[in-house]
Protein chains: 2
Amino acid sequence: MHDDSKAFETLAARYGARFSRSQALREQHGGGETHHAVAAPDAVFFAESTAEVAEAVKLCAAEGIPVIAFGAGTSLEGHLGAPQGGLSLDLTHMQKILRVSPDDLDCTVEAGVTREDLNAYLRDQGLFFPVDPGANATIGGMAATRASGTNAVRYGTMRDNVLALTVVLASGEVIRTSSRARKSAAGYDLTRLIVGSEGTLGIITEVTLRLSGIPEAVAAATCRFPDLVSAAEAAITVIQYGVPIARVELMERRLVDYTNAYSKLSLPAGDTLVFEFHGSAKGVEEQVETVRGIVADYGAAAFDWATAPEDRSRLWKARHDAFYAVLAARTGSKGWATDICVPISELAGAVALARDLVEEAGATAAILGHVGDGNFHVMFAVDPDDQAELDRVGSINAELIRHAISVGGTSTGEHGIGSGKVAYMREEYDEAALAVMRAIKAAVDPKGILNPGKILPPPA
Amino acid sequence: MHDDSKAFETLAARYGARFSRSQALREQHGGGETHHAVAAPDAVFFAESTAEVAEAVKLCAAEGIPVIAFGAGTSLEGHLGAPQGGLSLDLTHMQKILRVSPDDLDCTVEAGVTREDLNAYLRDQGLFFPVDPGANATIGGMAATRASGTNAVRYGTMRDNVLALTVVLASGEVIRTSSRARKSAAGYDLTRLIVGSEGTLGIITEVTLRLSGIPEAVAAATCRFPDLVSAAEAAITVIQYGVPIARVELMERRLVDYTNAYSKLSLPAGDTLVFEFHGSAKGVEEQVETVRGIVADYGAAAFDWATAPEDRSRLWKARHDAFYAVLAARTGSKGWATDICVPISELAGAVALARDLVEEAGATAAILGHVGDGNFHVMFAVDPDDQAELDRVGSINAELIRHAISVGGTSTGEHGIGSGKVAYMREEYDEAALAVMRAIKAAVDPKGILNPGKILPPPA
């Protein structure tokens with residue numbers, strides 16, 4: 001499709017090797033990290049500036065060619081597929097850190113900067129950017145999917161940490177969504193509208209972020225529980241006590257085994273919580289004492305401390321690699337991650353339901369999650385060629401989503417809708433709310449060229 | 001206008017005294033607390049349920065009659081005026097607290113519940129709702145204007161504390177914008193789009209809020225500085241140190257005098273910061289020690305502690321009444337409050353500029369603000385009949401706004417745009433961003449009946 005378009009001809013002539021129709025590149029840009037089928041775009045363009053993104057979008061808009069923004073390619077819900085063909089707009093060459101203001105605890109970066117690169121850059125200034133999805137995603141992609149991660153319980157998600165965006169609209173016009181002020185009541189919140197819009201309303205090219213100071217003291221510990229539900233209940237109680245915990249992560253016993261094997265760790269076997277405490281030295285001590293008391297009530301073993309910074313790094317690296325650890329447990333498998341998020345009081349019930357469903361199905365899978373937010377994943381390693389198995393996992397996913405929605409939760413805490421959860425939007429929102437989303441999409445992208453087929457189900 | 005409409009006839013017949021065309025009531029509903037001219041609606045309807053709001057909006061929509069939502073009437077930027085006439089939809093009868101979930105730290109309330117009523121209700125459960133604009137506003141109005149207040153530096157604004165909304169659309173349809181989950185990546189963030197939309201995209205009838213636990217320890221103190229800029233710089237340093245301060249408020253020396261007179265306090269004269277510390281007993285102690293060291297570097301006098309809860313309440317009541325204290329200093333005056341918010345490193349410069357402009361003009365005014373956010377106000381007491389004076393104050397307002405925008409800030413940190421700042425939207429946003437806002441408005445409210453004339457300037 002679109003092969004004889006003027007847009008592609010122009011981009012090819014102007015940008016040489018930065019515009020490509022190689023099959024390998026197209027296929028790599030039409031998939032993600034999971035079971036979703038690849039839907040390759042017709043071409044890939046590596047843009048190097050906002051102006052080039054605007055130019056490419058303008059060219060495509062003139063001929064109604066779809067444009068799909070692409071960052072690190074770590075999407076889990078089929079955000080990157082091009083079901084109607086079109087141009088994959090790869091932003092990974094846009095890697096400049098444009099400004100860091102330590103005095104204001106903020107910075108502005110190009111969309112292709114990865115979270116790890118940003119944090120490496122910030123470290124010397126005593127600053128860090130806390131949002132950390134498992135993958136080393138780009139900041140632009142994280143903003144586009146409203147990503148979060150292990151630190152969200154204390155530091156919030158991309159929704160809370162993006163101050164402003166530079167966005168290329170479907171017309172090729174460029175807007176700045178807001179100022180650098182910490183708060184503003186000036187008009188519609190375009191920043192929050194674009195955050196989480198998955199490239200369907202505009203293409204994010206620059207991001208202004210809140211930063212945090214590296215805390216004076218950091219302590220991390222793992223802690224085993226007699227069973228999964230006790231671990232979940234302990235996490236709930238920590239949150240209900242109001243402990244300003246930086247991270248509290250649940251790792252099901254199976255995941256501990258997978259992770260020990262994959263990441264060469266020697267965590268004690270069993271259902272585990274991983275805690276991290278941030279604050280002053282005294283503050284951390286106090287938090288640790290409070291949490292120690294709580295976990296004891298749920299039958300926990302003693303804390304295993306990761307005291308040295310390198311031990312902590314290994315531990316969190318392993319936690320971030322959990323998805324790959326599950327995949328490694330089954331040769332040739334692809335991943336499928338559920339992502340429900342429920343009010344915290346509903347967490348233990350939801351986790352128990354997930355465990356029962358996984359055991360019933362005999363799946364290669366493990367439960368883990370950002371339980372401080374009420375968000376957890378079942379990571380399945382599936383055979384992508386076994387339709388019966390995919391259907392079984394799909395049913396578990398559906399059952400968890402329906403349960404989450406029935407108790408006041410959401411189908412996706414942080415992975416987004418992409419193409420994978422479009423059908424559930426109808427269960428999560430009433431038709432009138434979906435109509436508002438569709439009206440906004442039609443108003444902002446009247447030709448429907450921006451990442452078509454994502455987020456919005458067709459009208460009922 | 002609209003006097004012989006079927007909508008008004010139907011509402012009058014159905015609701016008796018809850019529908020009124022009395023002049024006094026109309027005028028009271030067409031103004032706010034400031035200098036903006038009253039623009040009275042044609043009628044006022046006191047709705048008692050979401051269904052009644054939906055019915056009234058549907059009736060008005062059929063005839064293109066404007067509908068303006070009304071809460072406590074404490075708007076400072078002319079949000080409530082009805083320049084094209086229409087119906088003022090008063091939500092103050094919707095006062096039910098529908099649900100409080102201590103285990104999830106959230107609640108759902110009707111839009112007409114006031115923040116003081118909510119907090120009185122929550123106190124016994126050890127919970128509070130932290131967002132506190134000066135006035136005893138309704139939760140619906142606070143959501144509609146993206147309000148904040150003294151606690152925002154620690155607890156965030158309405159943007160951060162609203163989890164979900166029930167909204168009546170311009171069609172009369174009712175939507176729920178999201179779930180009770182702490183975070184979600186499911187589609188467009190309608191919650192954040194409606195928060196701050198000032199009744200122009202929909203009418204908020206129910207609000208689901210995050211709550212906070214009442215901290216174990218609370219300490220409040222005032223602290224005098226040799227001059228205004230030293231006080232501002234001390235506040236900046238406290239923030240840059242990362243002290244998790246709950247409140248840090250600047251009161252210019254003039255305001256201290258006005259407040260002592262109006263609220264019968266005896267604060268020591270001078271430019272003052274008011275601090276509040278929340279946390280565990282040890283944590284508060286530690287914060288106090290850090291802040292004590294910082295303020296000493298800026299030549300501060302010793303802390304004056306407000307130790308007893310009733311002393312703290314009096315202090316914050318006085319702070320919240322600052323607007324009225326300035327008005328009381330000039331008989332027959334009306335208020336005019338500026339509201340710029342700048343990156344924190346720009347705060348001292350902006351405050352100094354404001355002080356110079358006020359002194360030059362010889363105005364009855366005082367500076368105060370939520371300096372931890374970079375947000376402050378100049379509260380002017382103006383003679384509403386003296387056009388030359390209004391023009392002078394208008395010029396100061398304009399100069400502060402232009403300065404804020406030039407240093408990366410915003411024209412309004414928390415009061416909103418209303419009708420008062422529409423003209424500045426063009427300076428704050430590029431035309432393409434305004435076009436996106438207009439496109440959204442047209443898509444969601446195609447007849448333009450919801451609070452017309454607010455927020456959006458006409459196309460350039």
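Student: Is Arg146(B) buried or exposed?

Tutor: The model is predicted, so local features need pLDDT of at least 70 and side-chain atom pairs count only at pLDDT 80 or more, whereas totals for chains, interfaces and linings use all residues. Residues are numbered from 1 along each chain as its sequence is written, and chains are lettered from A and ligands numbered from 1 in the order in which they are written. A residue is buried if 20 or more other C-beta atoms, placed from the backbone, lie within 10 Å of its own, exposed if 12 or fewer, and partly exposed in between. Arg146(B) counts as buried because it has 29 C-beta neighbours inside 10 Å. Its phi is positive, about 55°, although Arg146(B) is not a glycine. The residue is found in the loop between helix H5 (139-144) and helix H6 (152-155) of chain B.

Student: Where is Lys264(B), and what is its phi?

Tutor: Lys264(B) is in the loop between helix H10 (253-263) and E14 of chain B. Its phi is near 50°, a positive value in a residue other than glycine. Lys264(B) is exposed, because 9 other C-beta atoms lie within 10 Å.

Student: Which elements do the buried residues of H9(B) pack against?

Tutor: Two residues are in contact if their C-beta atoms, placed from the backbone, lie within 7 Å. The buried residues of H9(B) include Leu228(B), Ile236(B) and Val238(B). Among the elements they pack against are strand E12 (217-225), strand E14 (271-279) and helix H14 (347-361) of chain B.

Student: What can be said of H14(B) itself?

Tutor: The 15 residues of H14(B) should span 21 Å, and its end C-alpha atoms are 21 Å apart, which agrees. Its buried residues include Leu347(B), Val351(B) and Arg355(B). The buried residues of H14(B) pack against H9, E17, strand E18 (375-382) and helix H15 (387-406) of chain B. Just after H14(B), Gly362(B) takes a positive phi of about 60°.

Student: How many residues of each chain are in contact with the other chain?

Tutor: 72 residues of chain A are in contact with 72 residues of chain B. On the side of chain A that touches chain B, the largest share, nine residues, comes from H17(A). Ala, Val, Leu, Ile, Met, Phe, Trp, Tyr, Cys and Pro count as nonpolar, Asp, Glu, Lys and Arg as charged, and the others, Gly among them, as polar. The residues on that side of chain A divide into 28 nonpolar, 26 polar and 18 charged.

Student: By what turn and shift can chain A be laid on chain B?

Tutor: Copies are superposed by least squares on the C-alpha atoms of residues with pLDDT of at least 70 in both. Chain A can be laid on chain B with an RMSD of 0.0 Å by a turn of 180° and a shift of 0.0 Å along the axis. That is the relation of a two-fold axis. The same surface serves both copies, as 100% of the contact residues of chain A recur in chain B.

Definitions and conventions
Helix = DSSP H or I, 4+ residues; strand = E, 2+ residues; numbered from the N terminus. Expected span 1.5 Å × (residues − 1).
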